[in-house]
Amino acid sequence: MVKNIIATNKNSEDTFYSVQQIRTQKLNNWKGWKCNALQHVLSIDEKGDVRGGDCESAGYLGNIYDKIIFPKNLWVSCPLEWCKCYLDMPTPKKSNDKNSFLQEIKGIKQDKYISWYLLKQCNFDCWYCPTSIHSKEKDNQKFEDIIKAINKFYELGWQNAKFTFWGGEPTLFKKYIEICKYLHDNNSKVTTNTNGSRSVDYLVNLSSYSNLNISIHRQEVNFRKMYDKLKALSYRDSKNWVIVKCMIEPGCLSKWKSFLKAIQHLENISIHLNTLWGISNDRSVWVDEQMQGYTDKELQLISNFGQFK
């Protein structure tokens with residue numbers, strides 16, 4: 001597994017963790033810590049509003065189609081009980097409590113990221129995904145406006161940032177591949193968070209310009225068809241990576257056994273096992289805790305085998 005986070009304890013000893021180890025071992029309770037999210041991760045929604053951190057908790061900065069203003073102090077106090085966003089976890093953080101066992105968190109690489117919630121439209125309806133971030137309604141944004149927003153980020157000095165698109169299902173955007181190609185042609189790294197529902201040809205074409213972060217949802221996916229897509233992607237000629245994230249529901253790890261066995265031998269495909277975050281009773285939002293119901297054995301396996309190969 002990729003251990004890309006360095007945790008320094010009060011004895012100045014460093015331990016390396018993967019994001020999934022941090023989550024399953026519940027080491028991500030950093031409320032009140034100072035976080036440098038504003039210098040490393042920006043989030044933008046489908047209306048163009050920009051906030052600090054993938055969690056958006058580092059403050060509102062303005063609208064990308066109007067004006068963006070950064071505060072003088074780029075360190076903010078974390079208001080969340082649990083840090084649950086993959087891009088935020090490696091962001092530099094420092095404890096205010098000298099008696100706390102962990103004193104500092106940082107990523108091995110200090111990259112910059114722009115997390116772009118491109119559209120709400122989605123063709124899936126996973127029960128553990130909040131209704132506030134997905135719907136069947138078609139998106140009406142224009143390709144030209146997205147390009148203007150990208151250029152504005154470049155003007156703000158974020159030209160070296162890595163762009164990550166999510167939703168909804170970003171590949172439903174009419175000219176999504178053209179967006180990725182524009183970024184690629186301007187030497188920007190791109191990652192697409194997708195449910196992998198588009199055709200084999202579409203995904204192979206997209207992988208020429210973007211990394212693929214394919215989330216597999218057991219209740220929505222046809223495992224046979226997904227295997228065929230992943231097999232085709234494993235043969236592609238591209239430097240961009242493909243990660244398969246299996247969204248493991250509590251008590252259901254054993255139901256993934258056959259699929260995992262089939263795909264673990266595919267070349268150029270990395271496999272992650274993901275726990276889920278809890279969701280409110282009305283399904284409107286995620287809550288700040290890992291979903292209840294995982295057995296100790298499941299958590300151990302998911303933590304130890306957060307990534308195959």
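Is K181 buried, partly exposed or exposed? With a relative accessible area of 36%, K181 is partly exposed; here buried means under 20% relative accessible area, exposed over 50%, and partly exposed in between (1.4 Å probe, protein chains only).

**Before selecting anything**

This is a predicted model, in which local features need pLDDT of at least 70 and side-chain atom pairs count only at pLDDT 80 or more, while totals for chains, interfaces and linings use all residues. Residues are numbered from 1 along each chain as its sequence is written, and side-chain values use heavy atoms, with hydrogens and water left out.

**Stop 1: the whole chain**

Show the protein chain as a cartoon. It has 7 helices and 18 strands; helices (H or I, at least four residues) and strands (E, at least two) are DSSP runs, numbered from the N terminus. The radius of gyration is 19 Å, close to the 19 Å that the globule rule gives for 309 residues, so the chain is as compact as a globular protein of that length. That radius is taken over C-alpha atoms, and the globule rule is 2.2 Å times the number of residues to the power 0.38. Along the principal axes, the C-alpha atoms fill a box of roughly 55 × 50 × 40 Å.

Colour by accessibility next. Of the 309 residues, 53% are buried. The chain exposes about 15400 Å², and carbon and sulfur atoms supply 49% of this area. Accessible areas come from the Shrake-Rupley method with a 1.4 Å probe; for residues, only the protein chains shown count as cover.

For contacts (heavy atoms within 4.5 Å), take the pairs in the chain with a separation of 6 or more: 68% of them are between residues 24 or more positions apart.

Then colour by charge. There are 43 positive and 33 negative side chains, and the centres of the two sets lie 3 Å apart. Lys and Arg count as positive and Asp and Glu as negative; His and the chain ends are not counted. The place of a charge is taken as NZ of Lys, CZ of Arg, CG of Asp or CD of Glu.

**Stop 2: salt bridges**

Side chains of opposite charge can pair when their charged atoms come close. A search of the whole structure finds 7 salt bridges, each defined as a side-chain nitrogen of Lys or Arg within 4 Å of a carboxyl oxygen of Asp or Glu. Three of these pairs follow, one by one.

Select D185 and K181. Their closest N and O atoms are 2.8 Å apart. Both residues belong to helix α3 (residues 176–185), and being 4 residues apart they are separated by about one helical turn. D185 is partly exposed, at 45% relative accessible area.

Select D45 and R51. This salt bridge has its closest N and O atoms 3.8 Å apart. D45 counts as buried at 15% relative accessibility, whereas R51 is partly exposed at 23%.

Select R218 and E249. Here the closest N and O atoms of the salt bridge are 3.2 Å apart. The pair links distant parts of the chain, 31 residues apart: R218 is in the loop between β13 (211–216) and α5 (223–234), and E249 is in the loop between β14 (242–247) and α6 (257–263). E249 is buried, with 4% relative accessibility.

**Stop 3: Q219**

Q219 is exposed, at 53% relative accessibility. Leaving aside neighbours within four places in sequence, Q219 is in contact with W127 and E249.

**Stop 4: V41**

Go to V41 in strand β4 (residues 41–44). V41 counts as buried, at 1% relative accessibility. Its contacts, apart from neighbours within four places in sequence, are R51, G52, G53, D54, L87, D88, T91, Y113 and W158. R51 in that list is also the salt-bridge partner of D45. The C-alpha atoms of V41 and D54, 13 residues apart along the chain, are separated by 6.2 Å.

**Stop 5: positive phi**

Most residues other than glycine have a negative phi, and most peptide bonds are trans. Two residues to check follow.

Select K26, in the loop between α1 (19–24) and β3 (34–35). Phi of K26 is near 55 degrees, a positive value. K26 is partly exposed, at 46% relative accessibility.

Finish at E56, in the loop between β5 (49–52) and β6 (60–63). Phi of E56 is positive, near 70 degrees, and E56 is partly exposed with a relative accessible area of 36%.
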